Every structure is written in C-alpha cells, then in structure tokens.
Amino acid sequence: MSISPFDLSNQNSGVEGKIIAALERVSQAFRVLLWNESKELSLSPIQVQVLIFLLHHSDEKRKISYLANEFNMTKATISDAVKALDQKGLITKTHEPNDTRSYTIGLSSKGMEVARKTATFTTEIQTPIDALRPHDKENLLLSLIGIIHHLNQTGIITIQRMCLTCAHYRPHQGDAKHYCQLLNRKLVDSELRIDCPDHVVI
C-alpha cells in the first residue's frame, strides 16, 4: 500500500508529498472562494460554476449532457442546478425544433450580470500567479497541464479541451516542441491552452 502524502513524516521527507499537499491547499482556496461567492448571491457553488461556463462557451456546449461531463456530475444533479437557475430567472432555454426535450441553455440579462460578477472569484489566487517571473509561469503551466492530462487519461476527470488532447496538436513535429495543425504553426510553451474553443477530440 502506498504511503499517504498527508503522513507528515512522508510528506516532509521529499518534494512530491509537499507538492500534493500544496495543491490540496489551493483546491481548498478555490472551494472557499466559490462558496463565499455563492453564499452572497444565494446560489449553490455548482450554480455559480454553470453560470460562468455559460458566459464563456458556445451553444453546442450549453446542454445538460455536456455540462454533466464538464463538471463530472450526473445529469440529474446538473438538471436540478439548471432548474434552480431557471426559477431565479438567470437562464433561458431554446428548445430544438425536432426534439422538444432537448434544449440549449443561455443566460438572461440578469444571469449575464451575475455571471460577469462571479467570474472573477479567483482574483486572490491570480494575484500571486501574476507576480511570478515569466519562466516560472511557463514551468507551472506545463506542470499543471501534465497533471491534468494524466487525470484525464486515467478517467478521473472527463472533458478536457486542451492542446494535448486535441486532434490538431502535434508534439515534436520537426524542430517544433509543440505544433498546431489548425493554426499551421509552432507553439511556444506559454501558448498551450487549457480550454480551446477550436478543440477537436482525438
């Protein structure tokens, strides 16, 4: 059985355990900030996340099934969140002409206002990141991309619209470390995306 990184004797004996503990602290900060934002608006954390997602993503991604995969939740849980947002007048529904059970979720004017306000809930996390040197930011980005990619490949998290999981991405093509066939050019480390609107699943 592997030793827990939360066992302090193990954690403090190497860098790896400390990194895991640090990531767990950052995840706590996200939860606290999101919870504080949701309490202020009498919304649940997932309702806030759905509003922010709708604000920044295209129509084909604004469906119950896609949102369920995006947030690694059941369709029933997402449906409940969407129903609550509908009752609060924060979203709109556009039904498919050939299937009235299927609909695209949009933001009402009130929902747009709330989404824009809540979308900055991570400011206190971004502040120390902004202060990093450019090289340190790139190294941090590459490390996090590698972790996310592994979690996606092992099925722990589902939808990932980042370069490493895109059909357009080519690693180590010629003299390019990263290459995008859609843009038809090399990418430097800082140009790698976590969420790309042109992502195509491999």
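## Buried cores and exposed surface in a predicted model

Glutamine 87 is exposed, its relative accessible area being 61%, where exposed stands for over 50%, buried for under 20% and partly exposed for what lies in between, computed with a 1.4 Å probe and protein chains only. This is a predicted model, in which local features need pLDDT of at least 70 and side-chain atom pairs count only at pLDDT 80 or more, while totals for chains, interfaces and linings use all residues. Residues are numbered from 1 along each chain as its sequence is written, and side-chain values use heavy atoms, with hydrogens and water left out.

Glutamine 87 belongs to helix H5 (residues 75-87); helices (H or I, at least four residues) and strands (E, at least two) are DSSP runs numbered from the N terminus.

The largest nonpolar core has 27 residues, of which Leu51, Leu67, Ile78, Val82 and Ile105 touch the most other members. Such a core is a set of buried Ala, Val, Leu, Ile, Met, Phe, Trp, Tyr and Cys residues joined through side-chain atoms within 4.5 Å. At least two residues of this core come from each of helix H3 (45-56), helix H4 (64-70), H5, strand E2 (99-107) and helix H6 (109-118), and H3 gives the most, with eight residues. Apart from this core lies another, of eight residues, including Met162, Cys163, Cys166 and Tyr169. In soluble globular proteins, nonpolar side chains tend to be buried together.

| Residue | Relative accessible area | Class |
|---|---|---|
| Leucine 144 | 34% | partly exposed |
| Glutamate 37 | 12% | buried |
| Cysteine 163 | 12% | buried |
| Cysteine 166 | 8% | buried |

Glutamate 37 lies in helix H2 and, leaving aside its neighbours within four places in sequence, is in contact (heavy atoms within 4.5 Å) with Lys117, Thr118 and Phe121. Leucine 144, by its place, is part of helix H8.
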